[in-house]
Amino acid sequence: QVQLVESGGGLVQAGGSLRLSCAASGIRFSVARIQTMGWYRQAPGKQRELVASMVPIRGTTNYVDSVKDRFTISRDVAKNTLYLQMNSLKPEDTAVYYCTVGFYQPSFSSWGQGTEVTVSS
């Protein structure tokens, strides 16, 4: 079975940076049929939103407007890890962040348990 474990969250002051990691087990990025990879976040009282995603076979990335030019999604195939580099953090970025990997042939998705990010003013 596929398992995703997020790490790297914590408390940071506004303007600071964090790098979230999503370590995958049960798969190998180099051979797995991965369709999409992404990061979601959810804050109390707010809707869950997709903040960053990538489609490896197309070499494309997408970001929600609120994080464009501040966040970067990437992966390290050798380390089987997905990353979210977050710069110039704002209090509005405070949320629990989840990573997800979507597969095809067969089609299914895996989710991590989340890592909490708190940005103080």
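View 1. The model shown here and in the following views is predicted. Ser53 belongs to strand E5, which covers residues 49-55. Leaving aside residues up to four places away in sequence, Ser53 touches Met37, Gly38, Thr60, Thr61, Asn62 and Ile73.

**View 2. The open sheet of four strands.** The strands of this open sheet follow the order E1-E3-E8-E7, and their pairing is antiparallel. Strand E1 (3-7) and strand E7 (71-76) are the edge strands, each pairing on one side only. With direction ignored, neighbouring strands of the sheet are turned by 15° against each other on average. In general, strands of a sheet pair through backbone hydrogen bonds, in a parallel or an antiparallel manner.

**View 3. Pairing of strand E3 with E1 and with E8.** Strand E3 comprises residues 18-25 and pairs with E1 in the antiparallel sense over five bridges. Within this pairing, Leu4 has Ala24 of E3 as its bridge partner. E3 also pairs in the antiparallel sense with strand E8 (residues 81-86), here over six bridges. The bridge partner of Cys22 in E8 is Leu82.

**View 4. The salt bridge between Glu49 and Arg41.** Side chains of opposite charge can pair when their charged atoms come close. A search of the whole structure finds four salt bridges, and one of them is shown in this view. Glu49 forms a salt bridge with Arg41, with the closest N and O atoms 2.7 Å apart. Glu49 counts as partly exposed, at 28% relative accessibility. Arg41, by contrast, counts as buried, at 5% relative accessibility.

**View 5. The salt bridge between Arg41 and Asp93.** Arg41 also forms a salt bridge with Asp93, and the closest N and O atoms are 2.9 Å apart. This pair links distant parts of the chain, since Arg41 lies in strand E4 (residues 34-42) and Asp93 in the loop between E8 and strand E9 (95-103), 52 residues apart. Asp93 is buried, its relative accessible area being 0%.

View 6. A salt bridge joins Arg70 to Asp93, with a separation of 2.8 Å between the closest N and O atoms. Arg70 is located in the loop between strand E6 (60-63) and E7, and Asp93 in the loop between E8 and E9, so the pair ties together parts that are 23 residues apart in sequence. Arg70 and Asp93 are both buried. Through shared partners, salt bridges join Arg41, Glu49, Arg70 and Asp93 into one network.

Terms used
Residues are numbered from 1 along each chain as its sequence is written. This is a predicted model: local features need pLDDT of at least 70, side-chain atom pairs count only at pLDDT 80 or more; totals for chains, interfaces and linings use all residues. Side-chain values use heavy atoms; hydrogens and water are left out. Two strands pair if DSSP finds at least two bridges between them. Helices (H or I, at least four residues) and strands (E, at least two) are DSSP runs, numbered from the N terminus. Axes are lines fitted to C-alpha atoms, for helices over the stretch in contact, and angles run from 0 to 180 degrees between N-to-C directions. Contact means heavy atoms within 4.5 Å. A salt bridge is a side-chain nitrogen of Lys or Arg within 4 Å of a carboxyl oxygen of Asp or Glu. Buried means under 20% relative accessible area, exposed over 50%, partly exposed in between (1.4 Å probe, protein chains only).
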